Structure formats: C-alpha cells, structure tokens
Amino acid sequence: MAMSVHILCVGKLKESFYRDACAEYVKRLGAYCRLTVVELPEEKLPPKPSPAQIDAALEKEAAAIRAKLPPSAYVIALCVEGRMRSSEDLAAKLRSGIWGDGSSKRLVFLIGGSYGLDKALKGEANDRLSMSPMTFPHHLARVMLLEQVYRAFKINEGSSYHK
C-alpha cells in the first residue's frame, strides 16, 4: 500500500504564485504517494484581536482539523516549538515506515493559519516540526513543506534532485 500524505491547512491560498508552486509539487508528489491537501477556513477576527479572541478562533480551527484527521494517522504539527530537521532526516523518517512507530501508513501534517495552531492540538500531535527559527507566512510554509516532502522522496530514491 502506498503511503498517504495529508496536509491539513488553515486558510486558502489567495496569491496565484503560491497556488502555482503548490500545484507543481502536488503533481510531482503523485508519483511517490497519495497526497491530499485540505484547506480549512480561517476564523474571522477583528483587526486587533484580544488573546481570548485568538484562542477562541484557534479552538474552532482545531475542531475543524480534528474532524478531518484520517483514522490511525501519524500527526505532525508544524509550529515554532517543533524540532528542526534536515532534509536528509526528513527522508530517513519517511523511509523508516512512517515518522513514528511504522504502524500507520497515513502521515498528516498540520499547518495553522496566521495565528498558528491551538496549543491543545499541538499537544495531541505525535510530533512537532519547525521549518526554521524565522517566521514565514503560513501560505509559504505550505509550499516549503510540499517541496521538502518531495525532496525527501527524491533523496530516498537516490535522485540528483538533492545536491
């Protein structure tokens, strides 16, 4: 059975350059896994939301994410508190069967909206991944994640894509 990779994202890609980049990696990844990208709506907030308003919005987004999680999935939350990994490390994690114990064939990456992910949801994830100590737009994080997953598959096949 081929690996299933799911990316659950909060927010729609509005800019065409992000959509085009994601579409390219989605196409490329079709040769390596069954990929599903699900966009969930970002909660509307006022221009200067209070911490309580932000927390309430994140809780609603987390409920929507939980409703879309496939059964027996290995869940990885993308967040600043996560562990940074090299491309080779990511490839080794994919090659080992699935990120964690090897019992799941469904790998799910979670990308929050502009305020990130709910604390409880991050705590429920099997692992947490940080792309960088720098801050990136969550839409760019989607492109970066797709590229890194593609790169991991290319590393594992011994391709010259990764130099």
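Leaving aside its neighbours within four places in sequence, with which residues is Leu 145 in contact? In this predicted model, Leu 145 is in contact with Ile 7, Leu 78, Phe 109, Ile 111 and Met 131, once its neighbours within four places in sequence are set aside.

## The nonpolar cores

Leu 145 belongs to the largest nonpolar core, which has 28 residues, and it is listed there with Ile 7, Leu 29, Phe 109 and Phe 153 as the residues with the most contacts inside this core. At least two residues of the core are supplied by each of strand 1 (4-10), helix 1, strand 3 (73-84), helix 3 (87-95), strand 4 (106-111) and helix 5. Helix 5 gives the largest share, 8 residues. Another core lies apart from this one and consists of 13 residues, including Leu 8, Ala 73, Val 108 and Leu 117.

Not counting residues up to four places away in sequence, Ile 111 touches Ile 7, Leu 8, Cys 9, Val 10, Leu 78, Leu 117, His 138, Ala 141, Arg 142 and Leu 145. Although Ile 111 and Ile 7 are 104 residues apart in sequence, their C-alpha atoms are 7.4 Å apart in space.

Two packed helices are described by the angle between their axes and the distance between the axes.

| Helix pair | Angle between axes | Distance between axes |
|---|---|---|
| Helix 1 (residues 16-29) and helix 5 (residues 138-157) | about 20° | 9 Å |
| Helix 3 and helix 5 | about 70° | 8 Å |

With an angle of about 20° between them, helix 1 is roughly parallel to helix 5. The crossing in which helix 1 passes helix 5 is left-handed. From helix 1, the residues that take part are Tyr 18, Ala 21, Cys 22, Tyr 25, Val 26, Arg 28 and Leu 29, and they meet His 139, Leu 140, Arg 142, Val 143, Leu 146, Glu 147, Val 149, Tyr 150 and Phe 153 of helix 5. By class, this contact of helix 1 with helix 5 is made up of 12 nonpolar, 1 polar and 3 charged residues.

Helix 3 and helix 5, by contrast, pack at an angle of about 70°, and they are therefore roughly perpendicular to each other. Here Ser 87, Glu 88, Leu 90, Ala 91, Ala 92, Leu 94 and Arg 95 of helix 3 meet Gln 148, Val 149, Arg 151, Ala 152, Phe 153, Ile 155 and Asn 156 of helix 5. The residues in this contact of helix 3 with helix 5 divide into 8 nonpolar, 3 polar and 3 charged.

Tyr 150, which is placed in helix 5, counts as buried because its relative accessibility is 8%. Its contacts, leaving aside neighbours within four places in sequence, are Tyr 25, Arg 28, Leu 29, Tyr 32 and Tyr 161. In sequence Tyr 150 and Tyr 25 are 125 residues apart, while from C-alpha to C-alpha they are 7.0 Å apart in space.

## Buried and exposed residues elsewhere

Is Lys 122 buried or exposed? Lys 122, which lies in helix 4 (residues 119-124), counts as buried because its relative accessibility is 11%, a value under the 20% cut-off for burial. Apart from residues up to four places away in sequence, Lys 122 touches Ala 77, Cys 79, Glu 81, Leu 117 and Arg 128.

Lys 12 is found in the loop between strand 1 and helix 1, and with a relative accessible area of 57% it is exposed. When its neighbours within four places in sequence are left aside, Lys 12 is in contact with Glu 39 and His 139. Lys 12 and Ser 160 are 148 residues apart along the chain, and their C-alpha atoms are separated by 33 Å.

Ser 72 has its place in the loop between helix 2 (51-68) and strand 3, and it is exposed, with a relative accessible area of 54%. Most residues other than glycine have a negative phi. The phi of Ser 72, however, is near 50°, which is a positive value in a residue other than glycine.

Notes. Residues are numbered from 1 along each chain as its sequence is written. This is a predicted model: local features need pLDDT of at least 70, side-chain atom pairs count only at pLDDT 80 or more; totals for chains, interfaces and linings use all residues. Side-chain values use heavy atoms; hydrogens and water are left out. Axes are lines fitted to C-alpha atoms, for helices over the stretch in contact, and angles run from 0 to 180 degrees between N-to-C directions. Helices (H or I, at least four residues) and strands (E, at least two) are DSSP runs, numbered from the N terminus. Angles under 35 degrees count as roughly parallel, over 145 as roughly antiparallel, 65 to 115 as roughly perpendicular and the rest as oblique. A crossing is left-handed if the near helix is turned anticlockwise from the far one by less than a right angle, and right-handed if clockwise. Contact means heavy atoms within 4.5 Å. Ala, Val, Leu, Ile, Met, Phe, Trp, Tyr, Cys and Pro count as nonpolar, Asp, Glu, Lys and Arg as charged, and the others, Gly among them, as polar. A nonpolar core is a set of buried Ala, Val, Leu, Ile, Met, Phe, Trp, Tyr and Cys residues joined through side-chain atoms within 4.5 Å. Buried means under 20% relative accessible area, exposed over 50%, partly exposed in between (1.4 Å probe, protein chains only).
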